[in-house]
Amino acid sequence: MPLHQYAYFALFSRHTSADDMTSQVGIDPDEITVRGSRFTEPTVVPVDHSWMVVCREPGLSVDEQITRILDRLQPHTDRICDLSRHLAGTGGGAVLQIVRYFNDTDQSQPRTANAAPNLFGWHLDRKVLDFLSVTGAELDIDEYDMAGDDNAG
């Protein structure tokens, strides 16, 4: 079954800009969003500012993607904790987001001479749980079945 997945750690706020978050954390994000209105036309505009460190590398398990993210973030844990607490007090916060698309035939699959890696199943080790706990981050997992109706049983 084709599987496309990625993970990211985000700090988000309705009041603190991604630039301000970058200054406080001390590392550049991979992606940001800028808060706008709730209007969806002509395009969707984010409801929050967000600062994200992302791993979209194909062929890695969720565990490996999270490890890559935490390897970058852990040297900055104290600053992330301080900022996350501040953001939580004003309606923002922190999240570790896992996004998985099953039956995603629109995405190119890694081509290797060996069999494709098994990307199903994953776990959070003590290092990840401690980081989530100390930063006050939530864990959010989105999974989507991209199979068309013709595959429904």
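Axes here are lines fitted to C-alpha atoms, for helices over the stretch in contact, and angles run from 0 to 180 degrees between N-to-C directions. The model is predicted, so that local features need pLDDT of at least 70 and side-chain atom pairs count only at pLDDT 80 or more, while totals for chains, interfaces and linings use all residues. Residues are numbered from 1 along each chain as its sequence is written, and side-chain values use heavy atoms, with hydrogens and water left out.

**View 1. The packing of helix α2 (residues 62-73) against helix α4 (residues 126-135).** Helices (H or I, at least four residues) and strands (E, at least two) are DSSP runs, numbered from the N terminus. The axes of α2 and α4 lie 11 Å apart, and the two helices pack at an angle of about 55°. That makes α2 oblique to α4, a word used for angles left over when those under 35 degrees count as roughly parallel, those over 145 as roughly antiparallel and those from 65 to 115 as roughly perpendicular. The crossing of α2 and α4 is left-handed, that is, the near helix is turned anticlockwise from the far one by less than a right angle. Ile 66, Leu 70, Asp 71 and Leu 73 in α2 meet Lys 127, Val 128 and Phe 131 in α4, where contact means heavy atoms within 4.5 Å. Sorted by type, the residues of this contact are five nonpolar, no polar and two charged; Ala, Val, Leu, Ile, Met, Phe, Trp, Tyr, Cys and Pro count as nonpolar, Asp, Glu, Lys and Arg as charged, and the others, Gly among them, as polar.

**View 2. The packing of helix α1 (residues 18-25) and helix α3 (residues 77-88).** The axes of α1 and α3 come within 9 Å and cross at roughly 140°, which makes α1 oblique to α3. Met 21, Gln 24 and Val 25 of α1 make the contact with Arg 79, Ile 80, Leu 83 and Leu 87 of α3. These residues divide into five nonpolar, one polar and one charged.

View 3. Gln 5 counts as buried at 4% relative accessibility, buried meaning under 20% relative accessible area (1.4 Å probe, protein chains only). A polar atom of the Gln 5 side chain lies 3.1 Å from the backbone oxygen of Leu 60. Leaving aside neighbours within four places in sequence, Gln 5 is in contact with residues including Leu 60, Ser 61, Val 62 and Gln 65.

**View 4. Ser 61 in the loop between β3 (49-55) and α2.** Ser 61 counts as buried, at 13% relative accessibility. Leaving aside neighbours within four places in sequence, Ser 61 is in contact with Gln 5 and Leu 119.

Methods: Buried means under 20% relative accessible area, exposed over 50%, partly exposed in between (1.4 Å probe, protein chains only). A polar contact is a pair of N or O atoms within 3.5 Å; within protein, one must be able to donate a hydrogen and the other to accept it, and residues adjacent in sequence count only if both atoms are side-chain atoms.
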